[in-house]
Amino acid sequence: MKLLDIGVLSKRSGVAPSTLRYYEEIGLIQSVARHGLRRQFDTPVVTQLALISLGKMAGFSLDDIKGMFAKDGTPQLPRAELHLRADLLDEQIRGLTRLRDALRHVADCPAETHMDCTKFKRLMQFASRSPGIQKR
């Protein structure tokens, strides 16, 4: 069994050593040995880190991701939850596509000013109702 030093694992996975230590601290990954003060990891951790990265990209929290691994570190992906997350991403994509199209229209709108553009006005109304706007 070949062990990976934390520095080698960091380079191979693109995950900073401090993040690897944090992931170990919260139980997402486990070191299996030490070489002096440096943590050593088994090679399957590379796969775990790829899955953690994928989960984060999909919007799962680290706690959610932690629940997707068995005690031995093997993935146990909840298919129903993955379907729900994919549906949410589809919804986001549709919303972002509409936003992109509206912004392109406003950028090219022949109206004298943006405030004369009906599409821009609708975009402003949408933005004022959007959860991205913090109301004080």
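Helices α5 and α6 (118-129) each supply at least two residues of the lining of the second largest pocket; helices here are DSSP runs of H or I, at least four residues, numbered from the N terminus. Keep in mind that this is a predicted model, where local features need pLDDT of at least 70, side-chain atom pairs count only at pLDDT 80 or more, and totals for chains, interfaces and linings use all residues. Residues are numbered from 1 along each chain as its sequence is written, and side-chain values use heavy atoms, with hydrogens and water left out.

Back to that second largest pocket: about 280 Å³ of space lies in it. A pocket is an open set of points on a 1 Å grid over the protein atoms alone, where a 1.4 Å probe fits, with protein on both sides within 12 Å along at least five of seven lines; lining residues have an atom within 4 Å of a point. The volume is the space filled by probe spheres set on the points, which are joined across faces, edges and corners. Helix α5 gives the most to this lining, with five residues.

The largest pocket comes to about 390 Å³. Of its 19 lining residues, Gln30, Gln48, Lys71, Asp72 and Gly73 are the closest to the centre. Here helix α3 (residues 44-57) gives the most, again with five residues.

Now look at Arg85, in helix α5 (residues 79-108). Setting aside neighbours within four places in sequence, Arg85 is in contact (heavy atoms within 4.5 Å) with Ala58, Gly59, Phe60 and Asp64.
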